[in-house]
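The notes are meant for a reader who is new to protein structure.

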Amino acid sequence: MKKLAIYTTVLALCGGAFYAVSAAEQAAPAQPAPEAAKEVVCFESRKGASEVTQRDIKPGWPNVKCSPKTGAALWYGDPYDGTVPMGKMPGLDKIPEGHAVIKPRSEKLALMPMCGVSCHNGVGPQFSPPTLPKGKKPVPLPTMEAMVPDLKDLQHGRGRIWCMDCHHTTQRNKLVDHFGDPISFDQPQLLCGKCHGDKLRDWRDGIHGKRIGEFTSTGKKRWFTCTECHNPHNVQDGARNRGFVQLQPEPSPQLPRGMKDASHEKLHPIPH
Amino acid sequence: MTPNETLPTDPAKEQSSECPVPPMSADPAANVLKTSRRDFLKSGGALSLSSLMGTAALMSQSGDAEAAVEWAEHFQKNYRLMTPAEKAEARLRLEKRYSDEYGKKVSVDTTEAQPGVLMGYALNIRKCIGCRRCVHACVAENNQSRGTKRPGEKIEWIQVLRMERGKFEQEKMNHGYPEGLGIQVGGNAYTPAGAVLEGQYHYNPEKVPEADATYMPIACMQCEKPPCVKVCPVRTTYREADGPVVIDYNWCIGCKMCMNACPYWARRFNLTTPVLPKEEMNPVTHYLGNRPRMRGVVEKCHWCLQRTRHDRYPACVEVCPVGARKFGNLLDPESEVSKILERKNVFRLKAELNTFPKFFYFYD
């Protein structure tokens, strides 16, 4: 009987604590203002290519979860956030209309909308056309190098290509195909496939590159285009080994019981 | 509401209400045993049971609903032997319990395998950069325990192994093997990268990928002949019809036999009560998938059943920044995985064990 009394006392105490906790929780949503003010933006594949802003689709269900350590997108609640249909692509006739979507980046990449208007419009009064150098060698222009730092050290094509092989001569916010027609920044695969045909085929069939959404072969997917993962100005870098820019890794797993660090992993079982 | 109401009263009726083709574990002996146990509990244990429940109801302020839920859960069958009605009941029970516990609307899916689907996975070992985003996406999706204080509180289903690259060297042309023992078994100019599959799990450089390393993520291989299923004494882990090997957590006794049997170190044990903060809990769950686990049960990768049963990619596939992870239907010749099997160089981890994984490693 005495024991039961003790139990009930303990329970009552616990209950009291529980009610205190729940009361605190009820009080907590009263100030969501600072949370709303702080916008969480995380990058997707590589830093600087595409970003997502975190928001709640419905209560407790965000469109994306971001890594607190690296700021990378770690989980997708809505894979089609901010996407548009990909447009025509040769060899993709089996996928239903609108089931291949991409996230447009042309707005973000068109850093200087005036580029194509003021200088590189092709109809300048003094030069005609004003943007075309005489030879096919890049001439270092301090203005351009200041605007796009990657230009100073182009790591693509091992010196065998130059700017105008990819960029349109007069429409600077477009890429260029074999016929001199402009290609949107949203469809870089049409340009990259000119040289990297094997990769284009693999990408088209889903073997190369990243897609999110539905896994069935006719399901709706968001396709990541070439430049969302690869920086075209910097694809061959000695410090890394797989054609992908280096980034910070996520935290390592918990150490086993009783271990202070993971130095044991660095020892070789076979001396050499 | 007493658990007795949910129990079948007529053994013959119970037999007939089960699926027409009983699964492997539905042997008649087990059924007989079960009914006799139930009868015993019904008649003999009813008094003590009700008195216990009464005490529980008196002592806890939340009323007897919670206690009844606990009891009903205690007496539920192996998931494969449950009738659709029992599954629906279990689902409602769990949804209510989780919603109360985590303070948000939690759904527990019980979608069955779709015919014509056999899930398969492929990983481009050449592309992996070892960033561990898949590991943490998996944790965000699958409600693993994420404590940091005590050992065993942080559970991750995917392991990423960092493996050194070995090399051949001119200076070592005359080295013997094994070294230091004076036995010459031939030249050994090779500097090994470690024994097979031995590598670092806890690597933590500033930036990945490192030039002198390769990375190999490992998780459950979803074998076609899974050794873990063979050894499970209570048959709570089994291969679903569309491929993944799943666990009915309620029926798991925590004997860890499956952990011993698995050659891929894929299974994790809830040594402590799982630490799962309310705000981080993923409310979209599947009964056999990512619903919150209890202490003392084994868990592992199930290819995000709550997503893949609804045609969504698994969470690890969606976050891989290099697109090394591929998932698809092996029975569909147009799927990504089928194309990889057709075109690329593919290997299975520890293929010599004849476990026939549906997880393939490939390279360009």
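Residues are numbered from 1 along each chain as its sequence is written, chains are lettered from A and ligands numbered from 1 in the order in which they are written, and side-chain values use heavy atoms, with hydrogens and water left out.

**Confidence in chain A**

- The average pLDDT (the predictor's confidence in each residue, from 0 to 100) of chain A is 78, and 73% of its residues score at least 70.
- Over residues 1-6 of chain A the pLDDT stays under 50, and the model gives this stretch one contact beyond four places in sequence, where contact means heavy atoms within 4.5 Å.
- Residues 8-36 of chain A also have a pLDDT below 50, with three contacts in the model beyond near neighbours in sequence.
- Where pLDDT is low, the predicted coordinates should not be read in detail.

**Chain B as a whole**

- Chain B contains 12 helices and 14 strands; helices (H or I, at least four residues) and strands (E, at least two) are DSSP runs, numbered from the N terminus.
- Of the 364 residues in chain B, 53% are buried, where buried means under 20% relative accessible area, exposed means over 50%, and partly exposed lies in between (1.4 Å probe, protein chains only).
- Among the contacts in chain B with a separation of 6 or more, 68% are between residues 24 or more positions apart.
- The accessible surface of chain B is about 16,500 Å², and 58% of it belongs to carbon and sulfur atoms; such areas come from the Shrake-Rupley method with a 1.4 Å probe, and for residues only the protein chains shown count as cover.

- Helix H7(B) is largely enclosed by the rest of the structure, because 10 of its 10 residues are buried, including Val135(B), His136(B) and Val139(B).
- Just after H7(B), Asn143(B) takes a positive phi of about 55°.
- Glu156(B) lies in the loop between helix H7 (133-142) and strand E3 (159-164) of chain B, and it counts as buried at 9% relative accessibility.
- Leaving aside neighbours within four places in sequence, Glu156(B) is in contact with Val135(B), His136(B) and Val139(B), as well as with Arg268(B) and with Pro253(A).

**Leu190 in chain A**

- Leu190(A) is found in helix H6 (residues 188-192) of chain A, and with 31% relative accessibility it counts as partly exposed.
- Beyond its neighbours within four places in sequence, Leu190(A) is in contact with Met89(A), Pro90(A) and Ile183(A).
- Leu190(A) and Asp177(A) are 13 residues apart in sequence, and their C-alpha atoms are 7.4 Å apart in space.

**The disulfide and other cysteines**

- One disulfide (a pair of cysteine sulfur atoms within 2.5 Å) is found over all chains, and it is formed by Cys42(A) and Cys66(A), whose sulfur atoms are 2.3 Å apart.
- This pair links distant parts of the chain, since Cys42(A) is in strand E1 (residues 41-43) and Cys66(A) in strand E5 (residues 64-66) of chain A, 24 residues apart.
- The torsion about the S-S bond of Cys42(A) and Cys66(A) is about -50°, so the disulfide is left-handed.
- Cys42(A) is buried at 0% relative accessible area, and Cys66(A) also counts as buried, at 18%.
- The sulfur of Cys134(B) is too far for a bond, because the closest cysteine sulfur, in Cys131(B), is 6.4 Å away.

**Salt bridges**

- Over all chains there are 36 salt bridges, each being a side-chain nitrogen of Lys or Arg within 4 Å of a carboxyl oxygen of Asp or Glu.
- Glu318(B) forms a salt bridge with Arg307(B), the closest N and O atoms being 3.3 Å apart; Glu318(B) lies in helix H11 (residues 315-319) and Arg307(B) in helix H10 (residues 305-308) of chain B, so the pair ties together parts that are 11 residues apart in sequence.
- Glu318(B) is buried at 1% relative accessibility, and Arg307(B) is buried at 6%.
- Glu334(B) and Lys339(B) meet in a salt bridge of 3.5 Å, N to O, and salt bridges that share partners join both into one network whose members include Lys94(A), Asp202(A) and Arg343(B).

How values were computed. This is a predicted model: local features need pLDDT of at least 70, side-chain atom pairs count only at pLDDT 80 or more; totals for chains, interfaces and linings use all residues.
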